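Let's take a friendly walk through this structure, one part at a time. Keep the viewer open and follow along.

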Amino acid sequence: MKLKTVSLVLFSLILGVGCSQRNDNQPQANSGGASKQTKGNHQSKPSASPSGPSRDAVFKNLQVYFINGENRGQDAKYLPLAEAMEKGIARVNETGEVSNLTIENLSETEYVFVNAGDIVKGGRQDRYLVNSLIVPPNSGKIDLASFCVEAGRWSQRGRESAAHFSASKFTAPSSDIKLAAQYHMKQSLVWDGVAQSQAFYRIAITGGSAATTSPQVASNPTLPGIPGNPNPTVVDPVAGLPVAALRALEVSLAELPSQQAALSTIDSSSSLQLALENPKVQELVKEYADHMDRQLATQKNPVGFAVAINGKVVSADIYGQANLFKALWPKLINGAATEAVAKYDKNTEVKRLKQADFEAFLTNGKQESSANKTLNEQTRLLTIKGDRHILFETHDKRDSSNWIHRSYLAAPKK
């Protein structure tokens, strides 16, 4: 298909919810137990009105829909995890269990915010952090749900600490990985998503088209030496990729000989973190991120954004405070851009979505299930599955009627 330059007039979405206002169409979490549901009480999109056309927020196959609004609830301040770790305020500890770490907030005054999808590096394996979480001052050790994003290692790496983790500027680079961790909660699916992403990066940095060389990844039953992982993926020790992904990649390389050079440009480790750090990957990502940074600067009071890749809305993140969203923005847009790079096909014309398409994604016509869970003494998580999206809604118990983070993921196909 002939490549066509795509442009889109961006529409902003204004949340019609003030600090003390409540939208009764929004799903409200109960103080405990499962959320009550009434027949026909479907989840609604945020109360909104369009603010009119703005500048383009589209680059190649990535389209961003910014959401502007007012701060919700109290004026509590949150320190993002990466910043807190760099300042020595937060410490993430290895436990020897793949699916669980601990976190400590050493500050006497600061509240630390862990964003779902954050990556921490080091320990015995790099980890993906599953839930958005508020960690109060002087917290002591708090459990932190995690998944491995580095299937080939269970020991110290270089001079990094095997007991503690360091901050990463990266977040989950794919909606598939997010669904695997946050909804399906399966380590094997997370590893499959990581392997597929790495294979796509190899294709992208040689100028290939992901759509024509899509590697299909399948799980296999055993990988000795790593505890707490039922049904892990078999990993080739040299390539650092699950065997199924490696075979698919070999097929791609046979079809595109120029990709052979790419194998030496991405670290041979199975670490997602190291693959994301690859200079050529980041060079491609930077083009997307720089464009979207300029669009963010035109927004009045952004509190979130929705992401469309290849003409399909895949996710959205909305925060209760503009300052928190802006602090997390570099990570968030890097993740969205990385997914777009991996899925870019230069030979495919991308459909331009309209404002109504994004608003439809934020509205579930049918609510299928909901669950209410206490994550720690400070945090409660409401999960709602609908026909269009799965919503993960994080509440700070200091003001439980107001959410601090809403993460939307496109509902998997049945």
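In this predicted model, three strands build an open sheet whose order is E5-E8-E11, with mixed pairing. Strand E5 (78-80) and strand E11 (133-135) are the edge strands, and each of them pairs on one side only. If you look from one strand to the next, the twist averages 35 degrees.

Let's look at one of the pairings in this sheet. Strand E8 (residues 111-114) and E11 run antiparallel and are joined by three bridges. To find a place to start, select Val-114: its bridge partner in E11 is Leu-133.

A pair of aromatic rings is described by the distance of the centres and the angle of the planes. The model has nine aromatic pairs by the rule used here. For Tyr-78 and Phe-113, the ring centres are 6.1 Å apart and the planes stand at 70 degrees; angles over 60 count as edge-to-face, so this pair is edge-to-face. Because Tyr-78 sits in strand E5 and Phe-113 in strand E8, the pair ties together parts that lie 35 residues apart in sequence.

Now for the helices. Two packed helices are described by the angle between their axes and the distance between the axes. Start with helix H2 (residues 175-184) and helix H3 (residues 187-204), whose axes come within 8 Å and cross at roughly 175 degrees. Angles over 145 degrees count as roughly antiparallel, and H2 and H3 are therefore roughly antiparallel to each other. On the H2 side, Asp-176, Ile-177, Ala-180, Ala-181 and His-184 meet Leu-189, Val-190, Gly-193, Val-194, Gln-196 and Ser-197 of H3. Sorted by class, this contact of H2 with H3 has six nonpolar residues, four polar and one charged.

How do H6 and H7 cross? The axes of helix H6 (residues 279-296) and helix H7 (residues 322-342) also come within 8 Å, with a crossing angle of roughly 135 degrees. That angle makes H6 oblique to H7. The crossing of H6 and H7 is right-handed. From H6, the residues in contact include Leu-284, Val-285, Tyr-288 and Met-292, while those from H7 include Phe-325, Trp-329, Ile-333 and Val-341. Twelve residues of the contact of H6 with H7 are nonpolar, three are polar and one is charged.

Conventions
Residues numbered from 1 in each chain as written. Predicted model: local features only at pLDDT ≥ 70, side-chain atom pairs only at ≥ 80, totals over all residues. Heavy atoms only, no water. Axes fitted to C-alpha atoms, helices over the stretch in contact; angles between N-to-C directions. Helix = DSSP H or I, 4+ residues; strand = E, 2+ residues; numbered from the N terminus. Parallel < 35°, antiparallel > 145°, perpendicular 65-115°, else oblique. Left-handed = near helix turned anticlockwise from the far one by under 90°. Contact = heavy atoms within 4.5 Å. Nonpolar A, V, L, I, M, F, W, Y, C, P; charged D, E, K, R; others polar. Pairing = 2+ DSSP bridges. Phe/Tyr/Trp six-rings, centres within 6.5 Å; stacked < 30°, edge-to-face > 60°.
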